[in-house]
Amino acid sequence: MKRAAWLFGTLAGLLLLDVLLPRLLNPYLRQVAVLCGINVILAVSLNLINGFTGQFSIGHAGFMAIGAYGSAMFSLHVGERWVSALAGLGIPAVIAAGFALFVALLLGGVLAAIAGYLVGLPSLRLRGDYLAIVTLGFGEIIRVLITNIDAVGASRGLPGIPPWANFFWVGLGVAAAIVLSVHLARSTHGRALFAIRDDEVAAEALGVDTTSYKVLAFVIGAFFAGIAGGLFAHYLSYLNPNSFTFIKSIEVIAMVVLGGMGSITGSVIAAILLTILPEVLRPVKDLRMIIYSLMLVILMITRPQGLLGDRELNLRRLWRRAAPGTP
Amino acid sequence: MTSRIRLRPALGGVLAITLLALGCGGSTQDELVIGEYGSLSGNDATFGQSTKNGVELALDELKAAKDGKIGGLRVRIVVEDDQGRPEEAATAVQKLINQDRVCAVLGEVASSRSLAAAPISQAAGVPMISPSSTNPRVTQVGDYIFRMCFIDPFQGTVMAKFAAQNLGLKRVAILKDVRNDYSVGLAQFYADAFVKLGGQIVGEQAYSAGDQDFRAQLTNVKGKNPQAIFVPGYYTEVGLIARQARELGITVPLLGGDGWESDQLLEIGGPALNGCYYSNHFSVDNPDPRLQSFLKAYRAKYGADPDAIGGLAYDAANVLFLSMDKLATENAETFKGLGSAAAGSDARRAATTRLREIIASTRDYPGVTGTITLDANRNARKPAVVIEIKDGKKVYNTTINP
Amino acid sequence: MAEFFQQLVNGITWGSVYALIALGYTMVYGILKLINFAHGDVYMLGAFFAYYSARWLGVAEHPTPLHALGVLLLAMAGCAVVGIVIERAAYKPVRRSSRLAALITAIGVSLLLENAGILIFGPDPKFFPQIIPSTNIALGGGVTISNQQVIILVVSVVLMIGLRFIVLKTRVGKAMQAVSHNHTAAALMGISVDRIITFTFMIGSMLAAAAGVLVALQNPKIEPLMGIMPGLKAFVAAVLGGIGNIPGAVIGGLIMGIAEVMVVGYLSPTYRDAIAFVLLIVILLVRPAGILGRNVAEKV
């Protein structure tokens, strides 16, 4: 019962926001909000691999690219036909587009998850920086492949993707990624992931099937990165391989580490912070990227455990501290 | 606990800056705000800077000639950086249109970034002039999108014709930059046109922008014995390619497009480039007074010759200024809609609609990059010149008309 | 066959550059377990320091080998200072924090150097003066090598031998080995760990600077972002050889250089980077700790 109430509450809230936002924010601020949301999904999903499980992955842009291109190709070749067919049946365009987008996102997510499974497999043998290099290599291989495949536009990019994604869909993706992460963290499976992060040998000795858990973390993380990629594609309606360089992967890692490894709320806050920061710094022009990188260094020096460490931001506790006396 | 306390002012500061930045959008005085976006940082920073230089120079001249005003309104140009990333270009243009309330947009160099930003301009009804995106798709986005350069198919044909007819070549190899849509597009159209003219493409090799070593590709090309190598890249790599080609004993000429135009081309390539040809918008030894005064002003301000991108940006800004001026004389009431005070109103929409029509009607504009006429697809039609490099100097060779 | 040997010569020269950069990565990693992402940008700075000192010394007009050596030494000295400053200002404060915090700091420093480079040097590529004029030497059978390639090979080998001598034979080198084994134990033996770490950064940065100058000598085009890809590839080379292992970095660099050139020459130039990484993944799957790295069993 309670779960259903939450679900409907979230849906209603997002729909309300979707209606209200255009009145409150101009398209620029809305776009920044949507990009924040996409980065939140990326950071939360990478947090599953890097923060929860302690595996060092720097190829998240690769998973994102697979999801983006996979879902975009589906929409261009199948999804648009579905929408016109559904429109012929008298179904409202919003619902038809929503349905097609949902299928496209799922497809992109699943494709990325398959890639995640393939990349997760070597993690059985490789540790630490060696795994990092394999994931980095994977990300680069994906980018080079896309740059050379003419069917997806190669370096010319893929224009004309139907712009179906909006704040509602991105919000839904964010909610799904967060809810799944929270549930995972509280479950036995999540405890197993934490055990692997803290001491892999000890975890194995205690009977944790480290192999399948590590692969699981990769698969779920990649799935959501794929979803984020799909949303990115259907929001900007244009894709180019230059959006998925290893610098993108590094940005996502910076979000996870800055938020605090393993902290879901930390990842969310850091993702929003690091998306807004470059926008806020626009007035300083030439110094923008210099201040951005300096702030990254200073934040890491003053707050090496990340903004929240491995704790979660708890609104109830904050409230209690702010107003002592109230229950 | 101590660290948490330290964190609060920091977060508070970030929040305060955010609110400040978001708060200060419009200014009270009525002015003409024009947006420009480009890659001021990142891999393509040099092209973004050239664009900015060209636009700045046009604005300087407007200031000198008309006190920086068009139709009584002061012109202000807001420049935004997109770090050479398509999604950043989209965000930058959103910001220009919605935050700075610009009435027209100038940019981008790379077609990929123009393609990401053009739908936003089109949807908002704000005219956008790309100085140098050559991919045909850019202006196909909609009727508010224009360009100042020729498109890939034309330039590819120019060099193919030149190679086949003027140089009488039969066997040409291609060395293209796969990371660069401009290079890939040009290579494709060149190959099509050259084969149609009876030539043969004997080998196709590729590199990625930023590479330093091209010896492996060149060694392979050398084995194919071409009569020339078509290198449709940017000057940033071409100089090195020429040098390494000569080192490996390749003596045939290299051919290229407008991406070659820059001071640095000859500086980096040196004598290795002698006997090479490329197509361009202008030739520095053309006595046309307009071009010469532009070159002089550019050298005086930036201490170097402009590359093709700088020249195109200069023309783009001037075509925009001229169109705005035409609107001001034609109908002062409609023109007022372009002012920052009218942002978001129906008057703005009416003004940009009319501005769009005026830009589209540009005919025989005497630009520094040639005489510009916009066709029905909002692409510039203008002749291309072929430049030969002789004894370390760029020498005009011939003009090829569309 | 001539083409194959020509590719091999090119591959070895390019590989020795990777090796020089990889040495810096591997030394820092051996001691701090830190991937110093800013290392590729120090390589870039090396080229720019050489550019400015060559202009300052007027070498471009009157190139002599002695002047060229002076330029090289000035660039190495400049980068040594940069390396020390980076270590003291950015890495030392995070040394006791998690390795990931240190990694993000390194990424921040790397971005800072790149963007400061764009601001200070300008984003357009600069022409590196011909401090040693180029001539071609025929090796017979149609294979040529340029004198600059010879210089790259000779200087690389000299520097590598020098490094090996420092690490194996000198007191400070032995102290470096001790620190890389165990910080605490080394400190207990009276070794100033801080000073050794700073020294390591200094040496690594000097090698990167040398690589920057050598590459600029042969490919006279320098720009503020020129360090990103070579840095990344050199890091991969270091891992390939077994990170933390000095001979491993040299072997990794050579393999990387030769493999890249061969892939371009005989397989597919467009897939060069992809194939290089595929090769890497395959090697790592067969030897998970790199070619010369030892797979240390974890103690419980």
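Because the model is predicted, local features are reported at pLDDT of at least 70 and side-chain atom pairs at pLDDT 80 or more, whereas totals for chains, interfaces and linings use all residues. Residues are numbered from 1 along each chain as its sequence is written, chains are lettered from A and ligands numbered from 1 in the order in which they are written, and side-chain values use heavy atoms, with hydrogens and water left out.

The interface of chain C and chain A is considered first. The size of an interface is often given as the accessible area lost when the parts come together. Between chain C and chain A, the buried area (the accessible area, 1.4 Å probe, that two parts lose on being put together, summed over both) is about 3,700 Å², with carbon and sulfur atoms giving 80%. Chain C contributes 47 residues to the contact and chain A contributes 36 residues, where contact denotes heavy atoms within 4.5 Å.

On the side of chain C that touches chain A, at least two residues are supplied by each of α3 (65–91), α4 (99–121), α9 (228–241) and α11 (272–286) of chain C. Helices (H or I, at least four residues) and strands (E, at least two) are DSSP runs, numbered from the N terminus. The largest share of this side, 14 residues, comes from α4(C). By class, the side comprises 36 nonpolar, eight polar and three charged residues, with Ala, Val, Leu, Ile, Met, Phe, Trp, Tyr, Cys and Pro counted as nonpolar, Asp, Glu, Lys and Arg as charged, and the others, Gly among them, as polar.

Chain B is divided into domain 1 (29–150 + 291–381) and domain 2 (152–280), the bounds coming from an automatic or database domain assignment. The centres of these two domains of chain B, taken over C-alpha atoms, are separated by 31 Å. In chain B, 16 residues of domain 1 are in contact with 15 residues of domain 2. The area buried between the two domains of chain B is about 1,300 Å², and carbon and sulfur atoms give 57% of this area. F47(B), T134(B) and F150(B) supply 44% of the area that domain 1 of chain B buries against domain 2 of chain B, more than any other three residues. Between these domains of chain B there are zero salt bridges and three residue pairs in polar contact, both at pLDDT 80 or more. The side of domain 1 of chain B that touches domain 2 of chain B receives at least two residues from each of α2 (45–66), α4 (111–124) and α12 (308–330) of chain B. This side has eight nonpolar, six polar and two charged residues.

Most residues other than glycine have a negative phi, and most peptide bonds are trans. The peptide bond from G107(B) to E108(B) is cis, with omega near 0 degrees, and E108(B) lies in the loop between β4 (104–106) and α4 of chain B. Q83(B), not a glycine, has a positive phi of about 55 degrees and lies in the loop between β3 (73–81) and α3 (86–98) of chain B. Q83(B) counts as buried because its relative accessibility is 14%, buried being under 20% relative accessible area, exposed over 50% and partly exposed in between (1.4 Å probe, protein chains only). D391(B), also not a glycine, has a positive phi of about 50 degrees and is placed in the loop between β15 (384–390) and β16 (393–400) of chain B. At 68% relative accessibility, D391(B) is classed as exposed.

Terms used:
A salt bridge is a side-chain nitrogen of Lys or Arg within 4 Å of a carboxyl oxygen of Asp or Glu. A polar contact is a pair of N or O atoms within 3.5 Å; within protein, one must be able to donate a hydrogen and the other to accept it, and residues adjacent in sequence count only if both atoms are side-chain atoms.
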